[in-house]
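Colleague: I have a model open and would like to walk through it. Shall we take it piece by piece?

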Amino acid sequence: MEKVEKLQEKAKNIRRDIIEMLGHAKSGHPGGSLDLAEIMAVLYFDVMKYDFNNPQWEDRDYFVLSKGHAAPALYAVLYEGGIISDEELLTLRQVGSRLQGHPDRKKLPGVEASTGSLGQGFAIANGIALAMKLQKKNNYVYAVLGDGELDEGIIWEAAMSAAHYHLDHLIAIVDHNGLQIDGPNDHVMSLGDIGAKFDAFGFEVFHVDGHNIAELQKVFATAKEVKGKPVAIIAKTIKGKGVSFMENQVGWHGTPMSDEDFAKAKAELEE
């Protein structure tokens, strides 16, 4: 339980960092960043082989944020790990900053892939996993996809490729909050049974509460035992999780916070 409590506190810190960045930037994507806090905390501070002091460590596990607009969630982790300083954290989306609106691997250590064009990150993750397999390495590749991102055809091309090459060290995590920029998924482009689709494409599929630390720990441990096929974890999340007036509100996909919103969100996360 002590480990779970530490990860819960880390997730809370990640949410505070996200709000701090976005509040100062007066720009960015709060909803789909906040809902990743537990997933990011468990991956980086419990599951992945990763050294924040050496982000290019050859034997590390790889993380690809395919839904690149949720960059604040990744930056928050890199801040918690010491790669980003207090001062730099408040430069999100400023000209010349390493913390651009979407992750840029040429600017910031710890970013494995420049993402933002939806779907491409998952294809890049496939390439990394295939390279590791050909080199007979034991690294895992974790890729976070948005459920709205599944509208993109490249996702399913990459899924076919992952199954064809038996990329059993590729673990896709679908951030399934049910909302995308233009509204509920079912109104924009119905996704049907996401798990059944990944199963049909040759993945081992698991479902999890994306905000339950203990469940996340268990599902990642189980996913690493799968052999001969890639894994898809469908994580049910709440968009805007942790800030009451943002939760399950499609309008907070990419809406800037007013000073009043910023103060209210910070106060809630300090409780």
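**Salt bridges, sheet and helices**

Modeller: Lys 137 is partly exposed, because its relative accessible area is 25%. Keep in mind that this is a predicted model.

Colleague: Which side chain meets Lys 137 in a salt bridge?
Modeller: The N-to-O distance in this pair is 3.7 Å. A salt bridge needs the nitrogen within 4 Å of the carboxyl oxygen, so the pair qualifies. The partner is Glu 58.

Colleague: How many residues apart in sequence are the parts that Lys 137 and Glu 58 tie together?
Modeller: Lys 137 lies in the loop between α6 (120–134) and β2. Glu 58 lies in the loop between α3 and β1 (62–65). So the pair ties together parts separated in sequence by 79 residues.

Colleague: Is Glu 58 buried or exposed?
Modeller: The relative accessibility of Glu 58 is 53%. Exposed means over 50%. Therefore Glu 58 counts as exposed.

Colleague: Which residues does the network of salt bridges with shared partners join?
Modeller: Start from Arg 16, which forms a salt bridge with Glu 9. Glu 9 is partly exposed, with a relative accessible area of 40%. The network joins Glu 9, Arg 16 and Glu 270.

Colleague: Arg 15 forms a salt bridge with Glu 38. Are Arg 15 and Glu 38 buried or exposed?
Modeller: Their closest N and O atoms are 2.7 Å apart. The pair links distant parts of the chain, with Arg 15 in helix α1 (residues 2–25) and Glu 38 in helix α3 (residues 37–47), 23 residues apart. Arg 15 and Glu 38 are both buried.

Colleague: How many bridges join β1 to β2?
Modeller: These two strands run parallel. Tyr 62 stands opposite Val 141 in β2. The number of bridges between β1 and β2 is four.

Colleague: Which residues point one way from β2, and which the other way?
Modeller: β2 is mostly covered, with six of its six residues buried. Tyr 142, Val 144 and Gly 146 point to one side. Pointing the other way are Val 141, Ala 143 and Leu 145.

Colleague: In β3, what is the bridge partner of Gly 146?
Modeller: Strand β2 (residues 141–146) and β3 run parallel, joined by six bridges. Ala 143 has Ala 172 as its bridge partner in β3. For Gly 146, the partner is Asp 175.

Colleague: Which helix makes a right-handed β-α-β unit with β2 and β3?
Modeller: Strand β3 (residues 170–176) is mostly covered, with six of its seven residues buried. β2 and β3 are the strands of the unit. The helix covers residues 153–164 and is α7.

Colleague: Which residue in β7 does His 176 stand opposite?
Modeller: Six bridges join β3 to strand β7 (residues 231–236). Six bridges also join β6 to β7. Asp 209 stands opposite a residue in β7, Lys 236. His 176 stands opposite Lys 236.

Colleague: Back to the helices. At roughly what angle do the axes of α1 and α4 cross?
Modeller: The two axes come within 9 Å. Residues of α1 that meet α4 include Ile 14, Ile 18 and Leu 22. The crossing is right-handed. The angle between α1 and helix α4 (residues 71–80) is roughly 115°.

Colleague: Is Ser 33 buried or exposed?
Modeller: Ser 33 sits in helix α2 (residues 31–34). Beyond its neighbours within four places in sequence, its contacts include Ile 18, His 69 and Pro 72. Its relative accessibility is 0%, so Ser 33 counts as buried.

How values were computed. Residues numbered from 1 in each chain as written. Predicted model: local features only at pLDDT ≥ 70, side-chain atom pairs only at ≥ 80, totals over all residues. Heavy atoms only, no water. Buried < 20%, exposed > 50% of the residue type's maximum accessible area, 1.4 Å probe, protein only. Pairing = 2+ DSSP bridges. Right-handed = clockwise from strand over helix to strand, strands pointing away. Axes fitted to C-alpha atoms, helices over the stretch in contact; angles between N-to-C directions. Left-handed = near helix turned anticlockwise from the far one by under 90°. Contact = heavy atoms within 4.5 Å.
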